[in-house]
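This briefing covers a sheet, the helices packed on it, a chain interface and a set of salt bridges. Please read it alongside the sequence and the model.

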Protein chains: 4
Amino acid sequence: MEKTLTYGMVGGGEGAFIGDVHRRAIALEGGARLVAGCFSRDPAITRSRGLSLGLDEERLYGTPAAMAAGEAARKDRIDFVVVVTPNASHHAIAAVFLDAGIPVVCDKPLVTNSRDAADLARRAAEKTLPFCVTYTYSGYPMVKEARALLRSGELGSVRFVNAEYAQEWLTLPLERAGNRQASWRTDPSQAGAGSTGDIGTHVEHLVSYVTGLEMRSLSARLDTFVEGRAVDDNATVLVEYAGGAKGLYWFSQVAVGSANGLKLRVFCEKGSLAWEQENPNVLQVARLGQPVQSLSRGRDSLSAEALGFSRIPGGHPEGYYEAFANIYRAFLEHLRCPAEPAPDYPGIAEGARGVRFVERCLESNAGGGRRLDF
Amino acid sequence: MEKTLTYGMVGGGEGAFIGDVHRRAIALEGGARLVAGCFSRDPAITRSRGLSLGLDEERLYGTPAAMAAGEAARKDRIDFVVVVTPNASHHAIAAVFLDAGIPVVCDKPLVTNSRDAADLARRAAEKTLPFCVTYTYSGYPMVKEARALLRSGELGSVRFVNAEYAQEWLTLPLERAGNRQASWRTDPSQAGAGSTGDIGTHVEHLVSYVTGLEMRSLSARLDTFVEGRAVDDNATVLVEYAGGAKGLYWFSQVAVGSANGLKLRVFCEKGSLAWEQENPNVLQVARLGQPVQSLSRGRDSLSAEALGFSRIPGGHPEGYYEAFANIYRAFLEHLRCPAEPAPDYPGIAEGARGVRFVERCLESNAGGGRRLDF
Amino acid sequence: MEKTLTYGMVGGGEGAFIGDVHRRAIALEGGARLVAGCFSRDPAITRSRGLSLGLDEERLYGTPAAMAAGEAARKDRIDFVVVVTPNASHHAIAAVFLDAGIPVVCDKPLVTNSRDAADLARRAAEKTLPFCVTYTYSGYPMVKEARALLRSGELGSVRFVNAEYAQEWLTLPLERAGNRQASWRTDPSQAGAGSTGDIGTHVEHLVSYVTGLEMRSLSARLDTFVEGRAVDDNATVLVEYAGGAKGLYWFSQVAVGSANGLKLRVFCEKGSLAWEQENPNVLQVARLGQPVQSLSRGRDSLSAEALGFSRIPGGHPEGYYEAFANIYRAFLEHLRCPAEPAPDYPGIAEGARGVRFVERCLESNAGGGRRLDF
Amino acid sequence: MEKTLTYGMVGGGEGAFIGDVHRRAIALEGGARLVAGCFSRDPAITRSRGLSLGLDEERLYGTPAAMAAGEAARKDRIDFVVVVTPNASHHAIAAVFLDAGIPVVCDKPLVTNSRDAADLARRAAEKTLPFCVTYTYSGYPMVKEARALLRSGELGSVRFVNAEYAQEWLTLPLERAGNRQASWRTDPSQAGAGSTGDIGTHVEHLVSYVTGLEMRSLSARLDTFVEGRAVDDNATVLVEYAGGAKGLYWFSQVAVGSANGLKLRVFCEKGSLAWEQENPNVLQVARLGQPVQSLSRGRDSLSAEALGFSRIPGGHPEGYYEAFANIYRAFLEHLRCPAEPAPDYPGIAEGARGVRFVERCLESNAGGGRRLDF
C-alpha cells in the first residue's frame, strides 16, 4: 500500500479562499493529509481553525519559523508545506521551510521580485527539494491535451497566440469598502502588482506550458481604470517569442460580465486550438480544410499525458478542484519517487519566470510601452 | 470540533467506477473517512483494494452480512455504509445493514421492484435510520436554484416539462464484447431494466425534485435499437401531473454524440428555466417580455438553498464530484443532527418512487404504450 | 439572357407578415417580379398596397377568381401566383388558379383537410402544373447538407429522430387581446388546427425531407395550456417509420424563452447530426469514436446539393430570407425547365402529407393518444 | 407611391463576390434597380454580365469615365453609382462620378491614401452629393442596439474596448496559387494594405460607430506570417481614445478555424456588451450585479434605432444580406429626402477616417510600434 503523506499549511485562516481549495483538492486527490499548520498571524485563529480541522494542538504553530523548526525536529515531520499567504510573505516563509529541508508548495505569484525568486531557487536546489508553484490551470486535462497536440507537430509551428484573462470583481473600488481579498490584492506592498501579478502570471504560464514557446521580448500597457487604485487593473502585453511567433495577452479585473474568463487560442501553420477555463472539459481544434472539432474529455481519444489526469467518464464535468488536485497528483508522485524528469507540475523555474514577467511588464509600461528583452 | 464520521463500503472493487466516485466525493466534502469494506464477492479483491485504501485488515469482510454483524459489534462501528453494487443486490445488502442499525447510502436505482423498496422503507422507518439514494444530479447548486425559483412562484405554475438524458455509450453491443459495465447494466437479472432504470430514474427524480410536481399518470414507449439486447436502450415517456401540467421525458443510451446529456426545461405561465448537466454552473431563465438571462453560480445572487451548496467563486467550474459531495454534505449533516425536516438529500421515498417509475414504464410499454395511473 | 418571370400574389395586405417575406425572398433570388395582386378582401387595401408596390392598377383585382380570369386572358399573364392567405381559403384560391392554368406557390399548411389536398393534387396533375408549398426550412443549405449526409449512408441507418419546434408567442391569450395573427391562427375555422398545423407541419416536413423516412404510425397528445383557447398550443407526437426507426416530435407555442426554436436531431447506427434553425449555418455531426464536428456553411466542404443553395462565403451568415429564396430558386428553375425530376422544392405531395399529419394527430389525440396508422 | 430609384455599377464582373452582394442587397431592400454598368475593364465581360442582368446594351459602358459622361447626359440618368472595384481604383472612379453630379456608394476601404480621401470629400461636398462607404457590419440591428445602449448612458462611460476580426482564408500563400481575390488583396499596388486595410478598417469603423469614441493615438504591430507575402496578414493595434478609454484591436487572416470572426466587446463602468458577427441576432449585455442577458432581435424590446432596421420576427435569423440592405435602406432614404442630419449610413468622413487608420498603423509599425497621434 502506498504511504499516505502528511503536510502542513501556512496561511488559509479565516476569510481565506485559497487555503480551503488546497485542502479540498488534496483530499479529492488522496494520498496526503493535513497534520500541522500556522493558519494566521493571530494564534487564536490558528488554534480554532486547526482544531476544527482535527489537528493536534501541538502541531499548531505561532509562526512559520516555529513551525519549520518544530516539524524539522519531529520524526514524523511533514512531507511538505503549503504556503497560501499573501504574495509579499511567500519568500520568507518558503525560505525557512526549505532551510529546514521541507519541500514547498507555494501559491502564485511565487514572490514579488526576481532576486527573491532566485534566492528560493538556490535554496531549493542546494537541498534538491521539490518545489511546486500552483499554477492551477495547467492541471486541466484538456490543457495537457492542447500541449500534447502542439508537441506532436501535427498543426505545424505556432504563429500567433491570443490569450486573455477577464474578471469583473474589481470593477468597483472594493478595496475602499473593506473587502479583504480586494484590499491585499490591490496593495502594492502585499501583492507586488495588480492584475498583472494576480492573473497575468496565469496567462504567461498557461501559454508557456501549452506552447513551449520561449518569450524573447515584450511590450506592456498597464491601465488603472478605477480611480485611486494603486495597482493596474487591466493590461495588454505584446509578446515576441524565439523563432518568430508572436503573442497578445490581455488581462482585466474590470471586465464586467466576466467571472473568471481565462481563454487561450493558439494559431499554427496548419491548424489552431482554443480552450476556455469556464468550459474546461472541451478543447476546440481546427485544421485547415476540415470541420472544426470539439474534443471532449472522457468522450474522445486523448493523449497519454491528458488521460493520466482525467478522472471520470465523458459528460461528467470536472472542474477547478479537479485541476487543482492534478497539480498535487504530480507533486505527490514526485515526493514519493524523486526521479528525474520530475512529473508534470509547475516548479520554481516557472514561478521565477512569472515574477520576471511581472517585473518586465511594469518596466515596459513605465517606459511608455517600449519593447524590452525578456 | 466537529466529529469526523466513519463509513464502510460494499462494492466498488476492481473495474468499478462509482465506488471511487463516492470515496472521492466524501473526501472532497470532508467530515467522514472510510474504515471498513467488502469491495467484492472475491475476498482477494476486497483485501487488496482495502489495503491500498489504508484500511485495517480486520475491517475487511467477506460478505455484506459479515460486515454488518462485525461492525454492529464494534464500539467504533461505522456511522454509515455506502452500497455501490449492481442494482439487483441492493435490497439484500441494504436490509442487512438496516437491521444492524446502520444508516445506508445506496446508489440508484434503489432496488429492482417496489416490494423490495417498500420493505427497505419499512426497515429504515422502524429504526428511524437515515437512508440516502444518490441521485447525484440534484446536488448541483444550479439545480437547487431552479427549484427555489419555481417554489418562489415568480414564474407562475408549471405547464410543461421537457427533460432528456442522452448517452451514446451503448450504441454498439458492448455487452457482447466483454465490457463489464455494459454487461451488468444490460442484464435484466442484475440491472432490472435498461435505460429506464439506469438513466430514466435520474430524469424522474430531477423533474420531481426541481418542480415538486406529483406524477399522476404515464405512457411509455421503450425501444431496443441494438439487436439482441435484452433491455431497452432508448425510451420516451409522456407524463401527466396533478394540477394539469404535462411532461415529456426522453432517455437514450444510443444517442451518438452525447456523453452524459441530462437536460431539463420547465415552462411556466410567465417564464421558463433550462439547465444542462454538462454545463452545470449555469441556469438559463426566461421571463415573458424580458431578455433571457444566464444565471451563473458564484457570480449571481442565488437563493440560500443553492448558496449553501456552492463552494468556490464564480467562473471556477464546479462539476460532478462537487454535486456528489453535496449529496453527502446534507446526509452527513443529518447523521450529525437527526432533527426533522431532514436536510436536502434524496431519501428512501425518492428511491422507491424511482423503482415504481421503472415498473410503470415497463408495464405501459408492454400494453402498447397505454396510459397508466402512477 | 434568362427571361424574367412575372408573378401575382393573393393575400399579403396590411398587417400581414408572410406576404412581404415572399416578395423580398423572390427579389433577393432575382428572376421574377410582381405584376399582379389581390392583396385583401378589401379592394381599397389591395389598391393601396398594389400602388405602393408599383403595380399597374389594371392588374389589381377584387377577388382571386377575377384575378385568375383576368390574368389567364392576358398575353403577358403571370407565370405563377403566390397564395399567402389564412389556411382555410387556400383550397378555393389555389383551385381557381390551377383551373386557369397558372402554377401556384402556396404557404403551408396547404389546406385544412385531406379531401381538399387530394382535389388540388388532381387539378395540378391534370394540367401538369408546378405547385410549391413553402416549407421554408428545407431551403437552408445545411438542411440540404444533412439530407445529403444521411443519403450517403455513411452514418448507417436512422434509429431515432428527435425534433422540436418551440415558440413562445402564444403564451398569453393574445387572440383575446385583438392580435390579428393570433386571432386567425387560433381560430379553428380559419387555421384548421393550432400548433400542430402552424408549426407541427414544419417538423413533419423537415424530418421527412432530411431523413427520407416514411411514417407508418403515430400517437399524439395535444395540449391547450391557455384557458379558453380553441386549438392546441402544445403537442407531443410519437412516430414510427417504415424499417423500424422511431421519432419524437414536440411543438409548442407557449414555450417562454423560445422565439422560433426549430431543432432536429437524427441518431443513426454510426453517427448523428443536429441542426438548429436559429443558428442555421452550422450542422453538428457526430461519428462514433470521433470528436464532434461543426460543419460550417461556406467554410467546409459540402455536398453539391447544399452548395447549389449557398450564396456567400463562410462566416457571412445566411438567414431566413435566403432559405426562403432557395425554395423559389428551385421553383423558378422548374418553371423555366419543366423536366423531371423536379428541382428540389416542396410540392403538393408534401403539402398533402402535412395535412394528413394534422388530421391524424387530431384523431389520435381524440382517441386518448392511441396509435394510428399513417 | 415611392419612386423606384435607378443605379449603375462599376466593377462586379466575373469572379467578383462583392458586386453580386450589393445587387442582391439592394433587391432585398427594394426601391432601386440596376440600369447601367461597367462591370469590367474587359468590354466583353461587361456586355455578357450586363445582358445576363437584363440591362439595355446602350447603358453598358467601356470605362467609368464613359459611363459617368453617358449617364450624366441622360434625362433618366442613374440616381447613384456603386463602385466595387479593387481599392486602388476607387478614387479615380468615384471622382469622375462625383464630378458628373452622381451620388456614390463605394466599397471600403474608401481609397488608398488620405490625400485621395480628402479629395473625394471635397468633390462630394462641393456638390452636396450623398456618399456612402459600405461598412456593412454597422447595418446589423443588434450593432445599432449596442450603439443605442451605450448612448443611453445606462452602462456608464466606456473604459475598455476589445475588438477582433479573425479570418483564416489567407493562411496559405493563395496569392501564389492564382486565387484572384487573394492576388489583388495581397498586392500593395491594388489593395494599399493587407489585413489592416481589408478587415482592420471594419474594426475601426465598428468600434467608432458603436462607442462614439474619438481615437487619440495608436500603436500598431503588423505581422506577415506567410513567407513572401507583400502585406501584413495579422495585426495588433493598441488605441487610446479621448477621455481616457483604451482599446485593443486584433485582426488576422491566418487564424485557422475562423471564417469571418468579427467580435466586439465594450467594457463600461457599470456594464458591458458583446456582439459577434457570426451570430448577429444576439447582443449580450452584462450589468454589474445582474445576470448576463442575451438580447435577441425580434424577441426583445429594442431601441427605435435598431427596430427601424429589423425586418422579421425573432428567431427568424437575419444575416449578412440584410445588414447590407440596411446600409442601402438609409442611403436610399437620404437620396429621396436629402435633409440633415443624414440617415444612419457610413459616409465619406467615416471612409476617410478608415484610410487614415491604415496609414497610421503602417507608420507606427514602421517605427517599431511607437505610439502616434491619430
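A residue is called buried when its relative accessible area is under 20%, exposed when that area is over 50%, and partly exposed in between (1.4 Å probe, protein chains only). By that rule, D:Glu71 and D:Arg59 are both buried. The model is predicted, with local features requiring pLDDT of at least 70 and side-chain atom pairs counted only at pLDDT 80 or more, while totals for chains, interfaces and linings use all residues. Residues are numbered from 1 along each chain as its sequence is written, chains are lettered from A and ligands numbered from 1 in the order in which they are written, and side-chain values use heavy atoms, with hydrogens and water left out.

**Sheet of chain A**

- Helices (H or I, at least four residues) and strands (E, at least two) are DSSP runs, numbered from the N terminus; two strands pair if DSSP finds at least two bridges between them.
- In chain A, five strands make up an open, parallel sheet with the order β2-β1-β3-β4-β5.
- Its edges are β2 (32–38) and β5 (131–133), each of which pairs on one side only.
- On average, neighbouring strands are turned by 20 degrees against each other, direction ignored; axes are lines fitted to C-alpha atoms, for helices over the stretch in contact, and angles run from 0 to 180 degrees between N-to-C directions.
- Strands β3 (residues 80–84) and β4 (residues 104–106) of chain A run parallel and are joined by three bridges, with A:Val83 opposite A:Cys106 of β4(A).

**Helices on the sheet**

- Helix α4 (residues 90–99) of chain A lies across β1 (5–11), β3, β4 and β5, at about 170 degrees to β4(A).
- Helix α11 (residues 320–336) of chain A also packs on the sheet, touching β1, β2, β3, β4 and β5, and makes about 150 degrees with the direction of β3(A); contact means heavy atoms within 4.5 Å.
- Seven of the ten residues of α4(A) are buried, among them A:Ile93, A:Phe97 and A:Leu98.
- The buried residues of α4(A) pack against β1, α3 (64–72), β3, β4, α5 (114–126) and β5 of chain A.
- After α4(A) comes A:Gly101, with a positive phi near 85 degrees.

**Interface of chains A and B**

- Each chain is represented in the contact, with 34 residues from chain A and 34 residues from chain B.
- The two chains bury about 2700 Å² between them, 62% of it on carbon and sulfur atoms; buried area is the accessible area (1.4 Å probe) that two parts lose on being put together, summed over both.
- Two salt bridges cross this interface, a salt bridge being a side-chain nitrogen of Lys or Arg within 4 Å of a carboxyl oxygen of Asp or Glu.
- A:Arg299 forms a salt bridge with B:Glu168, with closest N and O atoms 2.7 Å apart.

**Salt bridges within chains**

- Over all chains, the count is 124 salt bridges.
- A:Asp344 and A:Arg147 form one whose closest N and O atoms are 3.6 Å apart; A:Asp344 is in the loop between α11 and α12 (348–366), A:Arg147 is in helix α6 (residues 141–152), and the two are 197 residues apart.
- A:Asp344 is partly exposed at 22% relative accessible area, whereas A:Arg147 is buried at 18%.
- C:Asp119 and C:Arg122 form a salt bridge (2.7 Å, N to O); they are separated by about one helical turn because they lie three residues apart in helix α5 (residues 114–126) of chain C.
- D:Glu71 and D:Arg59 also form a salt bridge (2.7 Å, N to O).
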